[in-house]
Every structure is written in C-alpha cells, then in structure tokens.
Amino acid sequence: MRTPASSTTRRTVLALGTAAAAAPWLGTATAQARTDLSEPDQPGIAELRRRMADGRLDAERLTRHYLERIERLDPLLHSVIEVNPDALREARRLDGRRRARGPLHGMPVLLKDLVETADRMHTTAGSLALEGLRPAADATVAARLREAGAVILGKTNMSEWAGGMSLTHHAGWSARGGQTRNPYKLDRSPNESSSGTGVAVAAGLCVAGIGTETNGSIIDPSSANCVVGVKPTVGLVGRGGVIPGVPSQDSVGPMARTVRDAAIMLGTLVGVDRRDPATEASRGRYHRDYTRFLDADGLRGARIGVPRSVYFGYSHHADEIAERAISLLSKAGATIVDPADIPTAEQLEDLPSSMVVQVYEFKRALNAYLAAAPGDHPRSLKELIEFNRAHADRELRYVRQDGLEAVERLDFTEREYREALATNHRLSRAEGIDAVLREHDLDALVMPTSGPPAKIDLIRGDAHGGGASTPAALAGYPAISVPAGFAFGLPVGVTFMGTAWSEPVLLRLAYAYERVSRVRRPPAYRPADVGF
C-alpha cells in the first residue's frame, strides 16, 4: 500500500528516515554492529564484499535490509515500481555458493522498468499497456548482472515511455507507478526518465541501479538526486532486451552513490552483445575492470575545458556550484582552459535534424518491439495510442500523449533520416566535442549537469531549462555526472564529458574530483511545505 506524499507529515518522514537508518545486517545485534548507516557512511560494494568474505554479512541479510527499507521509505518516493518476489530466494542461492563469486556477489540492484527480466516481474516502460509482459529471456545487462552475482531486487519507476509520451515535461510520472518524488524535497522533480533509479540509489533502497539515457535520462536524475551517473558511449553496453527509444542515442549505464561503485558496475555490463550490433565497435575498447583507472591524484596534469556558451547561464545556482567545482579541479592540479566552447553548441540545442532522427528511429524501434513482444498488448504505436485513449482515466489523467501522437503522425523517408543522422553526428562529433578537445588538447569538458530540481507540476508539466546532455547524446559519446553541491538543500551535479570510448579518463577525473569535493550528503525527505 502506497501512502501519498502529500498526506505524509514531517513527523512521519523523520520517523521513517530514522527507522530506515538502522542497519542490523552489518553484523551481530550489538551496539557497535548497529552503527548508523546514513548515506555518507553506507558501505560501498568493495566494503560489503569484504564483510561477506569475513562472514559478517551475507546476501540474504543484505537483501532483506533493502527490501525492508523499500517498504518503509518508498511510500514517500514512488521510486520502485515492482519488487522481485524471488529476490530473497536468489540471495539464499548466492549464499550457497562457495566458489566462482563474481564482482557483484550478493549486491542487490534495481533496474529501470525498460530492462527485461525473465522472472515473475513485468517489463512495462511504466505503461499499463504492457502490464503482464514477461519476456522469455533476460536483457543482456540483466544477464550480466546475474552472472556477476547481483541480486535483481526489482524495477524502478520512470517517465512513461522514457519521456516520449508527452511534449511537456513530466519527469518520473507513469500511469503504472505514479509520480516519483525527489528524496531531498518531496515536491521537487526527480528529473528525467531514469528518475526512479536515481531516487532509489540516493535513498539507499539498493546498492546501485541501472538507468538508460537517450538525452539526459541518466545524468540529469543523477544530478537532481546527488548520485553518480555514467552514460556510456553508445555501443559500450549492450541494449539487447531493453525497450528502445532512439537507438542511435540510447545508452544503458550504472547509477551509484560513488564513482568507485559506478566503475565496478560498468565493468560487469560491457562487452559485445549479439542482440545489439552497435556493440561490435566496442571490441578492443571495453574493460572488465574500470576501477584500475581510479586515481585519487588523477586530476594532476589533466587538461579540462569549460564550455561556457549554452551550458552556463541558465541557472545562477548551478553556475555558482560549477565555479566552486572548477576551482577545486584547479587546486587538485588540473589545467583549466576557460572558455573552451563547443563550436556548434547553439546549433545543437535547436537542431531540426535531431527531431527527424528521433521521430524516425523511435517509431520504427517501438513498432518493431511491440510487434515481437510476447503476450496480449498493443502491437504497434497506433494501437498503443488507442489503448491510452480507451484507458484515459488512468493513462491520460495528467499526461497527454501528444508526444506519441506526433511521432505517429510525422513520417520521414530513409534518405531524410540518413541525412539528418549524418548532420547530428557531424555537428556533435567532428565539429563539436572532438573539435574543442582537439583545439585545446583537452582530456575532457566540465559543466553544470543541470539546475536545481524544479517543483513537480502534474497539470502543466515541470519546468526544465538548460542542461549538459545534448552534445554527448547526439554524438553517442560518454558523460559522467558527479555530485557537486546544493542550492537551498537541492542537489546539483557537474558533468565530465569526452570523446568516444573515453570512460577510463572520465572515471579517473570524476573519482579524483569526488575525493577532493566530498559534497554528497543523505536525503532529508523534506515535505512540500518546508522552505525553498
């Protein structure tokens, strides 16, 4: 039973937070073992693995802790759309293993509700139209997580159809899961479609999670929820069995409380996927262990550019936080090139070819997915639109489907699409990110990820102005958002962005910055009537 956040008093919030902080799974029920585990002190993957190896912890107790925490806290947040009914059984099975323990052995993780799992959970993109969809096989990322020893704890809520439902911005809303709420202030947006994963990771409902990004859907909710989000190069992580959006831009990546945990997660996800031809380009470019690139002194000697045009100036709060971050980068030994503008920045933000690519790819990819998916559900985008109209009391209660209708109505030839895609890539790659990196001999760019999260507005849509995601999205290049500061208690991150396959460099820079900044703090679960 979910409790609407609007009916939750401050006393209830604080009580839930206090109860959730207890951590009996750390060891015996002694005072020392029940140390307060508020988020800054929560153990990461490496520490949890050490405790398992020492016999102080096992997968079942860890999984039970997170299930209990979801039960206590998620009625406030609506971040978990479904819990895996077999999670404890899976944890017990892992505890029975004495050998061949993978890098995520016993670690409970949550997956965005676009990632197929061959179990008793649904895969629905937040839509009532796909309730009951139970695929015959795991998505590639789900299979790799299981192979690494992870416990699939459940699925996270998201912007329905990854934000493609409406032309207005309703981050974290789905008909199936309701409205996901920001744990730092409950009336604030969780930002973009991987919102449930960002919130769940921030609130300590899992060790780490999986998000997907077409344009901002990993890095924006990471910024808004004070976690680390890695949007990989398109083709680094296989997308087989993931409900598609815009395949030339779609990425699957980890979201975690620390850069190290994100790096551990990324190493388990990468590799060639026979269901995703784009991953062929990753041969010889991926690494099974990204933690070897983490260096606390990794900023020394680095050259980092600041693209001020377009990516600064939309939020003075975000600018102030980014300026402090840039100062820390410099003090830690980085050479800051400022400004180092992306030459095509203004073109990329209002690019007609981008709309052509999104419409063409989304329509074809979604139609193909619906036609092939098992079960009784709409078989095409047209049928999906008709389903929503027939169930308007739930599907269209707040969010219009003018986005889906526009995609269905518009049509472009393959020639128009190919030309548009080439334009996107030229302006974002050779004449965009690569141009500025080459001109100034840079390792990466750094900019605010987005402004402080806006208030949720289910009627008119959330305000959304400015962000760092577009260049990497159109290019298919990597980006990492790291917590950088707070404005009135609301999180803001900075994004490190680079060229294709530069994840090792970006992780090194992000890790070193995280070590010198140390800004992350736990959510406050502030109710809507408190402060800014």
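Guide: A salt bridge is a side-chain nitrogen of Lys or Arg within 4 Å of a carboxyl oxygen of Asp or Glu. By that definition, this predicted model holds 28 salt bridges.

Visitor: Why is the contact between Arg364 and Asp411 called a salt bridge?

Guide: The closest N and O atoms of Arg364 and Asp411 are 3.4 Å apart. The cut-off is 4 Å, so the pair counts as a salt bridge. Arg364 lies in helix α11 and Asp411 in the loop between α14 and α15, so the pair ties together parts that are 47 residues apart in sequence. Side chains of opposite charge can pair when their charged atoms come close.

Visitor: How do you know that Asp58 caps the N-terminal end of α3?

Guide: A side-chain oxygen of Asp58 lies 3.3 Å from the backbone nitrogen of Glu60. A polar contact requires N or O atoms within 3.5 Å, so this pair qualifies.

Visitor: What span is expected of helix α3, and what span does α3 reach?

Guide: Helix α3 covers residues 59-77, which is 19 residues. At 1.5 Å a residue the expected span is 27 Å, and α3 reaches 25 Å from its first C-alpha to its last, which is close.

Visitor: Where does α3 bend, and by how much?

Guide: The bend is at Glu71 and amounts to about 40°. That value is the angle between axes fitted to the seven residues ending at the bend and the seven starting there.

Visitor: Which peptide bond is called cis, and what is its omega?

Guide: The bond joining Asp338 and Pro339 is cis, with omega of about 5°. Pro339 is found in the loop between β10 and α10.

Visitor: Which kind of residue, nonpolar, polar or charged, is found in what number in the lining of the largest pocket?

Guide: The lining has 19 nonpolar, 22 polar and seven charged residues. Gly counts as polar under the definition, and Gly163 is one of the residues nearest the centre of the pocket. The largest share of the lining, six residues, comes from α11. The pocket has a volume of about 1300 Å³.

Conventions. Residues are numbered from 1 along each chain as its sequence is written. This is a predicted model: local features need pLDDT of at least 70, side-chain atom pairs count only at pLDDT 80 or more; totals for chains, interfaces and linings use all residues. Side-chain values use heavy atoms; hydrogens and water are left out. On a 1 Å grid over the protein atoms alone, a cavity is a set of points where a 1.4 Å probe fits but cannot get out, and a pocket is an open set with protein on both sides within 12 Å along at least five of seven lines; lining residues have an atom within 4 Å of a point. Grid points are joined across faces, edges and corners, and a volume is the space filled by probe spheres set on the points. Helices (H or I, at least four residues) and strands (E, at least two) are DSSP runs, numbered from the N terminus. The expected span of a helix is 1.5 Å times one less than its number of residues. A polar contact is a pair of N or O atoms within 3.5 Å; within protein, one must be able to donate a hydrogen and the other to accept it, and residues adjacent in sequence count only if both atoms are side-chain atoms.
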